[in-house]
Amino acid sequence: MTNMDNSGSNSTVLLKLTDVIAGYGSGMVLKGVNLELKQGDVMCLIGPNGAGKSTVLKTVSGLLPPREGSVVFEGQNITGQTPKENLRRGIVHVPQERSLFPGMTVWDNLLMGGYLIRSRKVIQERIEEAAHIFPIVTSRRNTHAGSLSGGEQKQVELARTLIFDPKLILLDEPSIGLDPKSRRLVFEAIRGLATAGRTILLVEQNARSGLAAADQGAILETGLVRITGVAATLLEDPEVARLYLGASTMTRPPAKNSTGELT
Amino acid sequence: MTELLRVENLTKKFDELIAVDNCSFSVEEGSITALIGPNGSGKTTVFNLITGYLPSNGGTVEFAGSPIHGQSPGTLYRKGLTRTFQQARVFADLTVQENLVVAGGGSWTNLFGRRITAEDRARAAELLDEFKLSHVADLYASELSWGQRKLLEFASVLMSKPRLVLLDEPTAGVNPILIETMATHIRSYNAAGVTFLIVEHDMSFVMRVCDPVIVLDRGKTIAMGNPETVQSDPRVLDAYLGD
């Protein structure tokens, strides 16, 4: 593993994966993943399709218990714990698929997010806090979630994670299927959560935007972490760009010349 | 150029919501046409109406000069009209390689119990290699990641011999490097005479691959033209691209 990290930060390690091996059926997806995430950081995980990015998130939230290796959260070994136990510890997982209840209002969806919390008052307070970062919570509170646009739904999903007052938010491709305006909203929202002190582990195929919203980056390939480092450094690295980022994914590319080639 | 697909005054209502509102556009034979627009503007519904997955509440669709209104997806597939989905639809209980070889016939009667030729196998192996799926060729499609299913569905389209292909967000969840491989295949297939209509949010991809671009907003066509013109159209900036 190449470490391009030169931040030298001493802040607390919130999450540490050591030699994690995991897979489905007979197949092995993660082949010894090592990863460390510091308190308050946003880390973006990028890499080819099938590299194991979503699987990393599942081993952390408990949806898939690792076969070998350990997952340590706040200094405690949580390897093989259930998603519910991990949720109580403060780990929330937002999957790739849309996960709101389409027939329920925005407000009810947020209430559902607090199903493990007994105090109605606490839920109410947390929804209000969430509304500071995501105004849609109040502006569209009585709208059925299913009639919101994709970008709006993603914002409600992110707001819903805050009802648990999470210590760690796992986001699996939050920008997928979103139009350019909504994508910007979602990446701004991620920065908003970071500013509010949340620690986030993010998976993105929209690699440039994902790294731009992150403090740290990690590149996963064939079940192993190949490179970790400061996100901005990875973005500028020509070798990383050639192997993993491809052509620029900006909204406004350079104009074409008459032959249709990029200038 | 001649029109391969013509959509006229197409309308679809879901209860109170008018998802597609008197929408009209056409796709020229031999083009790579993009259909863009905000989330919820009706793009996928238009695809579902064209390909027979949804009945419309009004309007007509013509393919190669004949009305195809009300025809089933299977009938349209046999006529050379094929599509992909946002959430890729593959045969979960077939292996990755089997998914490709059954797609190779281009004819429904060939799909089951057909003779799989050496040529089919060679073509499948080539595509698996290009889309970095060779190492999972013998896994069931249900074991693939979301993005890998997307690539498999795209490769399956390339195995068939369609006349018009509708791609619904082909690059969503696909690694940036493989997006380039997709672009290359779309161009070479297009050069061989296949027409494409592509729903896509990756504007960089649209600008590099597609011409013309049709813009949908609230179920209506609001702009149409070459990528540069559309990209600087104030209505498109307002509805879709933002600042």
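On helix H7 of chain B, the face that is turned away from the buried side carries Thr184(B), Ser188(B) and Ala191(B), and these residues are exposed. Please keep in mind, as we go on, that this is a predicted model.

What about the buried residues of H7(B), which ones are they? They are Pro176(B), Leu178(B), Ile179(B), Met182(B) and Ile186(B), and because they cover an arc of only 145° around the axis, they lie on the same side of H7(B).

Against what do the buried residues of H7(B) pack? Within chain B they pack against strand S3 (32-36), H6, S8 and H8, and from chain A they meet helix H8 (207-212) and helix H10 (238-245).

After H7(B) comes Gly193(B), whose phi is positive, near 105°.

Let me turn now to the sheet of chain B. Six strands form an open sheet here, in the order S6-S7-S8-S3-S9-S10, and the pairing is mixed. The edge strands, each of which pairs on one side only, are S6 (81-83) and S10 (220-225) of chain B. On average, and with direction ignored, neighbouring strands of this sheet are turned by 20° against each other.

We can look at some of these pairings one at a time. Strands S7 (residues 164-168) and S8 (residues 195-199) of chain B run parallel and are joined by five bridges, and Leu167(B) stands opposite Ile198(B) in S8(B). S3(B) and S9(B) also pair in the parallel sense, over three bridges, with Ala34(B) standing opposite Val213(B) in S9(B). S9(B) and S10(B), by contrast, pair in the antiparallel sense over five bridges, and there the bridge partner of Leu216(B) is Thr221(B) in S10(B). The hairpin of S9(B) and S10(B) has two residues between the strands, and in this hairpin Arg218(B) takes a positive phi near 45°.

Is S9(B) enclosed or open to the outside? Five of the five residues of strand S9 (residues 213-217) of chain B are buried, so this strand is largely enclosed by the rest of the structure. Both of its faces are covered, with Val213(B), Val215(B) and Asp217(B) buried on one side and Ile214(B) and Leu216(B) buried on the other.

Finally, we come to the contact between the chains, which takes 34 residues from chain B and 33 residues from chain A. On the side of chain B that touches chain A, the elements that give two or more residues are helices H6 (146-159), H7 (176-191), H8 (203-209) and H10 (234-241) of chain B, and H7(B) gives the most, with five residues. The residues on this side of chain B divide into 16 nonpolar, eleven polar and seven charged.

Terms used:
Residues are numbered from 1 along each chain as its sequence is written. Chains are lettered from A and ligands numbered from 1 in the order in which they are written. This is a predicted model: local features need pLDDT of at least 70, side-chain atom pairs count only at pLDDT 80 or more; totals for chains, interfaces and linings use all residues. Two residues are in contact if their C-beta atoms, placed from the backbone, lie within 7 Å. Helices (H or I, at least four residues) and strands (E, at least two) are DSSP runs, numbered from the N terminus. Ala, Val, Leu, Ile, Met, Phe, Trp, Tyr, Cys and Pro count as nonpolar, Asp, Glu, Lys and Arg as charged, and the others, Gly among them, as polar. Two strands pair if DSSP finds at least two bridges between them. Axes are lines fitted to C-alpha atoms, for helices over the stretch in contact, and angles run from 0 to 180 degrees between N-to-C directions. A residue is buried if 20 or more other C-beta atoms lie within 10 Å of its own, exposed if 12 or fewer, and partly exposed in between; C-beta atoms are placed from the backbone. The arc is that of the directions from the helix axis to the C-beta atoms.
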